[in-house]
Amino acid sequence: MSGPRRLSVPRRVAVTAGDDGSPLLVDSRTVDAVRESWLVEDRWWTERPLRRRYWEVVTTCGRDEVVFHDLVSGRWWRQR
Amino acid sequence: MFVVIVCVLLPRFQLTVAAGNRNELLQTPVALAPEPGGVQQVGEVSIAAEAFGIHPGMRLGEALARCAWLTLVPPDPAGVAESWERLLVRLESIGAAVEPERPGLVCFDACGLLRLHGTGTLASSDADRVAGVLAAARQALRMPTRFGVAPSRFAAVAAATKARVRRPLIVSGGRTQAAEFLKALPVALLRARPALAELPEALERLGIGTLGELAALTPAALADRFGTAGLIAHELANGGDGALRPRPASEFLRESLELPDAGSGIQLERGLGLLIDRLLARRERRGRTLRAVVLSAVLVEQGGTWREQVVFREALADPVRMRLALAPRLALMPAPAEELRLAVERFGPPTSDQRALLEDPAEARVARLREAIRQARAAAGPDAALRVLEVDPCSRFPERRAMLTPFEG
């Protein structure tokens with residue numbers, strides 16, 4: 001190992017969202033239920049603020065996924 | 001730098017040792033049988049067997065199909081190792097730093113020996129100067145041997161395969177002369193290198209039959225087709241090779257025990273305990289620990305021999321722990337034994353780390369853990385043991401909470 005390595009690093013995921021911003025498809029899997037949603041804002045005092053809308057969802061195949069929408073870049077990420 | 005590599009070749013060494021006194025057997029189609037529990041391939045074969053197209057490494061079924069009256073001789077790994085070690089020690093006794101490749105094939109650099117045994121002057125040709133070294137080696141070995149001399153190890157091995165017993169083949173000069181000598185030889189010689197064993201067949205299918213044709217190809221083309229093996233083969237065909245890595249000089253310490261009846265099970269374990277005690281009591285040990293040993297046995301009913309090398313996790317001088325490590329190996333023996341042997345292969349440092357009378361369990365656990373991590377890293381690399389380090393456990397962003405760092409035991 002070259003040096004310390006971060007754990008739980010976000011990975012890109014393909015999400016189709018509805019009009020209200022909630023995920024409908026996560027990696028082509030249909031979302032069955034949204035368990036929880038929360039907003040995290042940090043470093044707003046810097047030039048690189050972090051704004052994320054997290055969604056914990058359950059897909060029809062039974063997977064529990066935590067994805068977030070980066071409100072700055074507009075991209076979707078998966079995080080455990 | 002001036003380099004003179006001498007290759008000593010004893011053809012069919014393993015077969016000759018396994019055949020023992022039955023010299024007439026070697027005149028007939030005969031091959032070494034596969035080792036018990038091993039791959040079903042024949043070992044070294046006699047000249048008469050070669051005439052039927054049988055070669056070492058051929059599947060047993062195919063060999064028997066080619067020659068129905070092929071005689072199979074049980075392998076004698078312990079006898080081969082012992083005879084080979086004796087010959088290596090004889091070569092070392094003339095001052096040669098030997099690098100054994102396999103039983104029956106060994107190389108050494110003769111440069112350092114030219115002043116000791118060499119004949120002629122600096123102005124003499126290489127052949128004249130090295131003749132004295134070869135004479136000393138022949139006298140030390142006391143058996144018919146083929147010698148090849150060349151500037152590189154591969155060329156020396158190739159020369160030895162072409163040499164006759166009384167007429168060594170000497171390739172004088174440097175890399176260019178070695179490449180010139182190798183030019184007409186078949187690519188099949190590359191099989192001597194385990195890493196290149198598969199290459200000759202593929203080359204022959206492509207119409208490249210000689211090392212000269214191989215040397216004429218560009219390294220880039222060979223690398224594209226065969227990867228690293230292609231580059232190594234190109235280097236060898238051009239008269240190059242890696243430097244010799246002579247083995248460190250070692251001592252030969254062995255104890256053996258003849259078993260009156262064929263021994264197995266608990267009887268063998270008792271015998272093993274006795275051998276360990278006797279080996280540890282030898283004066284030549286001089287208080288040193290044992291790092292690696294070889295457990296071997298002569299099997300009943302001329303079943304050949306059995307040999308198992310055991311490297312201890314840590315250097316030992318404790319008979320109880322040695323017995324614990326060695327006893328399970330006895331179960332691997334394919335047949336009852338009539339003689340059991342235990343030899344030291346490598347010594348460790350002198351015994352110095354005394355154990356405490358009352359061991360602290362926590363400390364012992366830490367020490368065991370540290371040793372386990374060391375072994376895991378040795379086997380699987382530095383990433384084998386990591387730990388989770390909490391950096392900011394209360395962070396709202398999961399990726400900032402923890403990191404993976406090397407585990408320091």
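Which residue takes a positive phi in the hairpin of strand 6 and strand 7 of chain A? Select A:G62: in that hairpin, which has four residues between the strands, A:G62 takes a positive phi near 95°.

Some ground rules before the tour. This is a predicted model, in which local features need pLDDT of at least 70 and side-chain atom pairs count only at pLDDT 80 or more, while totals for chains, interfaces and linings use all residues. Residues are numbered from 1 along each chain as its sequence is written, and chains are lettered from A and ligands numbered from 1 in the order in which they are written.

**Chain A**

Select chain A and colour by secondary structure. Chain A has zero helices and eight strands, and its elements run β-β-β-β-β-β-β-β from the N terminus on. Helices (H or I, at least four residues) and strands (E, at least two) are DSSP runs, numbered from the N terminus.

Seven of the strands form an open, antiparallel sheet in the order 2-8-7-6-5-4-3. Two strands pair if DSSP finds at least two bridges between them. At the edges are strand 2 (11-12) and strand 3 (15-17) of chain A, each pairing on one side only.

Strand 3 of chain A pairs with strand 4 (residues 23-26) of chain A in the antiparallel sense, over three bridges; pick A:V15 and its bridge partner in strand 4, A:V26.

Next, select residues 29-42 and 50-59 of chain A. These are strand 5 and strand 6, an antiparallel pair with ten bridges. A:E36 has A:E56 in strand 6 as its bridge partner. Stay on A:E56 and look to strand 7, where A:V66 stands opposite A:E56. Strand 6 and strand 7 (residues 64-70) of chain A are antiparallel too, paired over seven bridges.

Now colour chain A by burial. A residue is buried if 20 or more other C-beta atoms lie within 10 Å of its own, exposed if 12 or fewer, and partly exposed in between, with C-beta atoms placed from the backbone. Of the 80 residues in chain A, 15% are buried. Of the contacts in chain A with a separation of 6 or more, 38% join residues 24 or more positions apart; two residues are in contact if their C-beta atoms, placed from the backbone, lie within 7 Å.

**Where the chains meet**

Show both chains. On the chain B side, 13 residues are in contact with eleven residues of chain A. Strand 13 (residues 402-406) of chain B gives the most to this side, with five residues. The chain B side divides into eight nonpolar, one polar and four charged residues. Here Ala, Val, Leu, Ile, Met, Phe, Trp, Tyr, Cys and Pro count as nonpolar, Asp, Glu, Lys and Arg as charged, and the others, Gly among them, as polar.

Zoom in on strand 1 (residues 5-6) of chain A, which pairs with strand 13 of chain B in the antiparallel sense over two bridges. The bridge partner of A:R5 is B:L404.

Move on to B:F407, in the segment after strand 13 of chain B. B:F407 counts as partly exposed because it has 16 C-beta neighbours inside 10 Å. Not counting residues up to four places away in sequence, B:F407 touches B:I373, B:A385, B:L386 and B:R387. B:R387 is 20 residues from B:F407 in sequence, with 5.2 Å between the C-alpha atoms.

**The cores of chain B**

Select B:V6, B:C7, B:V149, B:A155, B:A156 and B:A159, which have the most contacts inside the largest nonpolar core, a set of 69 residues. A nonpolar core is a set of buried Ala, Val, Leu, Ile, Met, Phe, Trp, Tyr and Cys residues joined through C-beta atoms within 7 Å. Helix 7 (residues 153-162) of chain B gives the most to this core, with seven residues.

Eight of the ten residues of helix 7 are buried. Among the elements covering them are strand 1 (5-9), strand 6 (146-150) and helix 12 (228-237) of chain B. For one residue in detail, pick B:A155: leaving aside neighbours within four places in sequence, its contacts are B:A150, B:V171, B:A178, B:F181, B:L182 and B:G239.

Apart from this core lies another, of 23 residues, including B:L299 and B:L340. B:L299 stands opposite B:A337 in strand 11 of chain B. Strand 9 (residues 288-299) and strand 11 (residues 337-350) of chain B pair in the antiparallel sense over ten bridges. Strand 9 also pairs with strand 10 (residues 305-316) of chain B, antiparallel over eight bridges, and there B:V298 stands opposite B:T305.
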